[in-house]
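Colleague: I have a structure open and would like to learn how to read its features. Could we take them one at a time?

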Amino acid sequence: MKYTSTRGNMAAKSFTEILLGGLADDGGLAVPDHYPKLSKTDLAVMRGMNYRELAFEVISRFATDIPAADLKAIITKTYTAKVFGSDVITPVKTLEPGLHILGLSNGPTLAFKDVAMQLLGNLFEYVLAKDHAELNILGGTSGDTGSAAEYAMRGKRGIRVFMLSPLGKMSPFQTAQMYSLQDPNIFNIAVTAPFDACQDMVKAVSNDLAFKEKYQIGTVNSINWARVTAQTIYYFQTYFALTKNNDEQVSFAVPSGNFGNVCAGHIARQMGLPIRKLIVATNENDVLDEFFKTGIYRPRAETLHTSSPSMDITKASNFERFVYDLVGRDPQILKGLWQQLKKDGYFDLSKTPYFAKVQEFGLASGSSNHADRIATIRRVHQRYGVVIDPHTADGLKAGLEHREAGIPLVCLETALPAKFEETIREALGQDPQRPAGYENIENLPQRFDTLPPDVAQLKAFIAARVPS
Ligand SMILES: *Cc1c(COP(=O)(O)O)cnc(C)c1O
């Protein structure tokens, strides 16, 4: 399997060659040169597989330059009951016949990003060891991504993490999750400025190519192809869990931000998994909902801060991979659209044959506001005695708008309610339960450094901790 860029100007690369990279040199995203097609026989065999076996079956088709035995070992080490709470890894909970919640949030940081990030940590360590290389991951976080990255990379040989976060701006739970890590390869940097300033600092350092090269600076953002690949597995597992044969169909509702999770569902469908609909759910930042309803993609200048904060995204970075498929995988057409985006601030596919493909690909959408979220959390609690988090509530609301008789609907649970106590308290008048082991996390000793929003000081901080 070879990888090219959505914009057409990258020499073909292998899976491990794109593993550590971010954007392609031409500004596009790495995509496989084709989607492996699963035959009826393949699907019949996969039906009997557990999570690890499914992961190997799918990922080995994409990571063709990792020897099978090595990939198996990496997957076996990653997807354990110890890390994910049960041997099922991503269990399905049934609310009522035909309506289900897919539990993706039983990893160490209680959000779905762990599922892919834990694999990424082990893949990075493997590839770096082979090349006798080191990697210093630099990132900015307002909560979820940073903690998932730290828990995936802690204790890994050849890897250090420098994670910037806005001092005092994360919830006490999120802060404790990150700052309580004592691993010597994890550096929490609390910046005395808002999150945007953290992001600007990361960008400034990444744009200094000489510094970046000298100190082997990398990132783990959501455009990472391996993360998207790892997220396809639970679509397969859930499909097999909820059907009796491979002629049946299942629909999925996906709380979306950077379009990584739902992109994985799209890929599973392209590979031949009988998914009926993929329902993209947004919050008040509804750029994607607008596109799927009108054909117009118009990222906004302003991001609204909402009570489903991990979906507060106005420019969905993985969306380019999906549009690439919509336009028939033609990099010239894709490039033209992104040029127009840059020039005019939007593109409009409504009057093109490409927009018809949206339906053919099974995509639908919906959006929620704060009141919807509260109402959904309340209703699910009253009706089923289950507490869901605000992001999952956004997913469920959009999903129910597209529910069809006779087709099981699965809403992806992207975080546990324990991470968003304030909203749960508003909806239910009570605190969500915390999983065992997290009861007193705020009282653990914390380890972090504080820096002003100053790029020179950040560079000095990194330089002092990386042997050159
Ligand atoms: C990251 C995240 C999302 C959005 O996922 P994408 O893959 O970026 O679309 C949704 N919910 C939660 C809780 C998240 O952390």
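Colleague: Leaving aside its neighbours within four places in sequence, which residues is Asn 136 in contact with?

Modeller: A caution to begin with: this is a predicted model. Beyond four places in sequence, Asn 136 contacts Arg 160, Phe 162, Tyr 215, Gln 216, Ile 217, Gly 218 and Val 466. With Arg 160 there is a polar contact between the two side chains, at 2.8 Å.

Colleague: Is Asn 136 buried or exposed?

Modeller: Asn 136 has a relative accessible area of 0%. Buried means under 20%, so Asn 136 is buried. Asn 136 belongs to strand β5.

Colleague: In what order do the strands of that sheet lie?

Modeller: The open sheet has five strands, ordered β8-β5-β6-β7-β15, and their pairing is parallel. The edges are β8 (217-218) and β15 (449-451); each has a single partner strand, so one side of each has no neighbour in the sheet.

Colleague: How many bridges pair β5 with β8?

Modeller: Two bridges pair β5 (residues 135-140) with β8, in the parallel sense. Ile 137 has Gly 218 in β8 as its bridge partner.

Colleague: And how many bridges join β6 to β7?

Modeller: Six bridges join β6 to β7, and the two strands run parallel. Pro 166 is placed opposite Val 191 of β7.

Colleague: How should I read the two faces of a strand?

Modeller: The general idea is that side chains in a regular strand alternate between the two faces of the sheet. In β7, one side carries Ile 186, Asn 188 and Ala 190, and the other carries Phe 187, Ile 189 and Val 191; all are buried, and both faces are covered. Because six of the six residues of β7 are buried, the strand is largely enclosed by the rest of the structure.

Colleague: Which strands does helix α9 lie across?

Modeller: Helix α9 (residues 195-207) lies across β5, β6 (159-166) and β7 (186-191), and runs at about 145° to β6. Helix α21 (residues 455-465) also packs on the sheet, where it touches β5, β6, β7, β8 and β15. The direction of α21 makes about 155° with that of β6.

Colleague: How do I describe two helices packed on each other?

Modeller: Two values are used: the angle between the axes and the distance between them. For α14 (residues 287-294) and α15 (residues 319-326), the axes come within 13 Å and cross at roughly 10°. Angles under 35 degrees count as roughly parallel, so α14 is roughly parallel to α15.

Colleague: Which residues of α14 and α15 meet?

Modeller: On the α14 side they are Leu 288, Phe 291 and Phe 292, and they meet Phe 319, Phe 322 and Leu 326 of α15. Sorted by class, this contact has six nonpolar residues, no polar ones and no charged ones. As for spacing, an α-helix has 3.6 residues a turn, so residues three or four places apart point the same way.

Colleague: How many residues of α15 are buried?

Modeller: Eight of its eight residues are buried, and α15 is mostly covered. The buried residues of α15 include Glu 320, Arg 321 and Asp 325, along with Val 323 and Tyr 324. Just after α15 comes Gly 328, with a positive phi of about 70°.

Colleague: Where else does a glycine take a positive phi?

Modeller: Gly 98 has a positive phi of about 85° and sits in the turn of the hairpin formed by β3 and β4, which has two residues between the strands. Four bridges join β3 (residues 92-96) to β4, and these strands run antiparallel. Val 92 has Leu 102 in β4 as its bridge partner.

Colleague: What does Gly 103 touch, not counting residues up to four places away in sequence?

Modeller: Gly 103 touches Ile 89, Thr 90, Pro 91 and Glu 413. This glycine is in strand β4 (residues 99-103), and its relative accessibility of 7% makes Gly 103 buried. Cys 411 is 308 residues away from Gly 103 in sequence, but their C-alpha atoms are 9.1 Å apart in space.

Colleague: Which helix holds Gly 146?

Modeller: Gly 146 is in helix α7 (residues 144-153). Its relative accessible area is 1%, so Gly 146 is buried. Setting aside neighbours within four places in sequence, Gly 146 contacts Thr 141, Met 163 and Met 178.

Technical notes:
Residues are numbered from 1 along each chain as its sequence is written. This is a predicted model: local features need pLDDT of at least 70, side-chain atom pairs count only at pLDDT 80 or more; totals for chains, interfaces and linings use all residues. Side-chain values use heavy atoms; hydrogens and water are left out. Axes are lines fitted to C-alpha atoms, for helices over the stretch in contact, and angles run from 0 to 180 degrees between N-to-C directions. Angles under 35 degrees count as roughly parallel, over 145 as roughly antiparallel, 65 to 115 as roughly perpendicular and the rest as oblique. Contact means heavy atoms within 4.5 Å. Ala, Val, Leu, Ile, Met, Phe, Trp, Tyr, Cys and Pro count as nonpolar, Asp, Glu, Lys and Arg as charged, and the others, Gly among them, as polar. Two strands pair if DSSP finds at least two bridges between them. Buried means under 20% relative accessible area, exposed over 50%, partly exposed in between (1.4 Å probe, protein chains only). A polar contact is a pair of N or O atoms within 3.5 Å; within protein, one must be able to donate a hydrogen and the other to accept it, and residues adjacent in sequence count only if both atoms are side-chain atoms.
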